[in-house]
Amino acid sequence: MKSLRSLPGVSSVGAGSALPPRTAQRGTQFDIAGRTFAEKEDRSAYFVAATPGLFATLRTRVVEGREFSDTDRADAPRVAIVSQSLARRLFPDATALGRRLRVLNPDDKPDWREIVGIVQDVRYSGLEDPGENAIYTPFAQTPFMWAYVFVRSGAPASTLAPSIADAVRRVHPALVAADVRPMEGLVSASVAGSRFQAALLSSFAVLALLLSALGLYGLVS
């Protein structure tokens with residue numbers, strides 16, 4: 001990450017196990033300390049491992065508390081950050097900060113974590129979806145074999161991509177920066193279906209208007 005931050009024009013760098021707005025990759029169940037859930041009550045959320053700098057790079061606002069830092073190491077107290085929608089659902093009349101939860105999935109140990117931050121919702125399943133329930137854990141405490149790395153820069157993507165690939169190779173020859181591309185492309189692809197449907201509906205509307213005009217013309221004639 002340091003090698004990427006040192007690239008000319010780069011203002012921030014972060015990484016995570018999810019790629020908005022395309023996919024969150026993992027879902028999870030969870031427990032809340034001191035709370036008993038009803039049998040059919042929803043206690044599911046997206047599970048995202050995140051590095052320091054991810055929220056700042058994605059411009060995801062920290063609503064309460066803090067984001068992850070370099071002190072959230074593997075041997076440090078286990079912590080978590082939750083999305084604003086999840087915090088409101090679980091604690092409608094109080095803050096989620098300081099409460100404890102544990103993630104129940106094979107990618108994490110079932111240890112209790114303190115909630116140290118609340119961030120605004122990130123849409124992981126397309127831009128048309130409402131706010132998402134998500135639980136974030138420090139990448140150092142829940143490491144994955146891969147990660148999506150986000151780089152914020154004012155430099156053109158075409159000139160920055162080779163520099164990113166070189167920086168990654170310098171860290172370790174076996175590492176590969178695959179599919180380096182601007183976020184604008186992902187956002188555009190996520191709304192392509194909606195744009196097609198809108199264009200199709202517009203075409204039908206124009207056709208219906210044309211048929212109506214022809215019918216009216218024939219009647220008048």
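This is a guided tour of a predicted model, stop by stop, for following in your viewer.

**Before you start**

Residues are numbered from 1 along each chain as its sequence is written, and side-chain values use heavy atoms, with hydrogens and water left out. Because the model is predicted, local features need pLDDT of at least 70 and side-chain atom pairs count only at pLDDT 80 or more, while totals for chains, interfaces and linings use all residues.

**The whole chain**

Show everything as a cartoon. The protein has six helices and nine strands; helices (H or I, at least four residues) and strands (E, at least two) are DSSP runs, numbered from the N terminus. Buried residues make up 35% of the 221 residues, where buried means under 20% relative accessible area, exposed over 50% and partly exposed in between, with a 1.4 Å probe and protein chains only. Of the contacts between residues at least 6 apart in sequence, 73% join residues at least 24 apart; a contact means heavy atoms within 4.5 Å.

Now colour by pLDDT, the predictor's confidence in each residue, from 0 to 100. The average is 83, and 83% of the residues score at least 70. Select residues 192–196: pLDDT stays under 50 there, and the model has two contacts for this stretch beyond four places in sequence. Where pLDDT is low, the predicted coordinates should not be read in detail.

Next, select residues 134–138, strand β8, where five of five residues are buried. In a regular strand the side chains alternate between the two faces of the sheet. Here A134, Y136 and P138 are on one side and I135 and T137 on the other, and both faces are covered.

From β3, step on to β2 (residues 27–32), which is joined to β3 by three bridges and runs antiparallel to it. Y46 turns up again, as the bridge partner of G27. Strand β2 is also joined to β6 (residues 100–104) by four bridges, again antiparallel, with Q29 opposite L104.

**Two buried polar side chains**

Select S83 in strand β5. S83 is buried, at 0% relative accessibility. A polar atom of the S83 side chain lies 3.0 Å from the backbone nitrogen of A134. Among the residues that S83 touches, not counting those up to four places away in sequence, are I118, V119, D121 and E132.

Move to D72, in the loop between β4 (62–65) and β5. Is D72 buried or exposed? D72 is buried, with a relative accessible area of 6%. The D72 side chain makes a polar contact with the side chain of R66 at 3.0 Å; such a contact is a pair of N or O atoms within 3.5 Å, where within protein one must be able to donate a hydrogen and the other to accept it, and residues adjacent in sequence count only if both atoms are side-chain atoms. The D72 side chain also reaches the backbone nitrogen of S69 at 2.9 Å. Beyond four places in sequence, D72 touches R66, V79, P138, A140 and Q141.

**Backbone details**

Zoom in on P20 and P21: the peptide bond from P20 to P21 is cis, with omega near 0°. P21 sits in the loop between β1 (10–16) and β2. Q25 lies in the loop between β1 and β2 and has a positive phi near 70°, though not a glycine. Q25 is partly exposed, with a relative accessible area of 35%.

For another positive phi in a non-glycine residue, select R59, at about 60°. R59 is in the loop between α2 and β4 and counts as exposed at 58% relative accessibility.

Terms used. Pairing = 2+ DSSP bridges.
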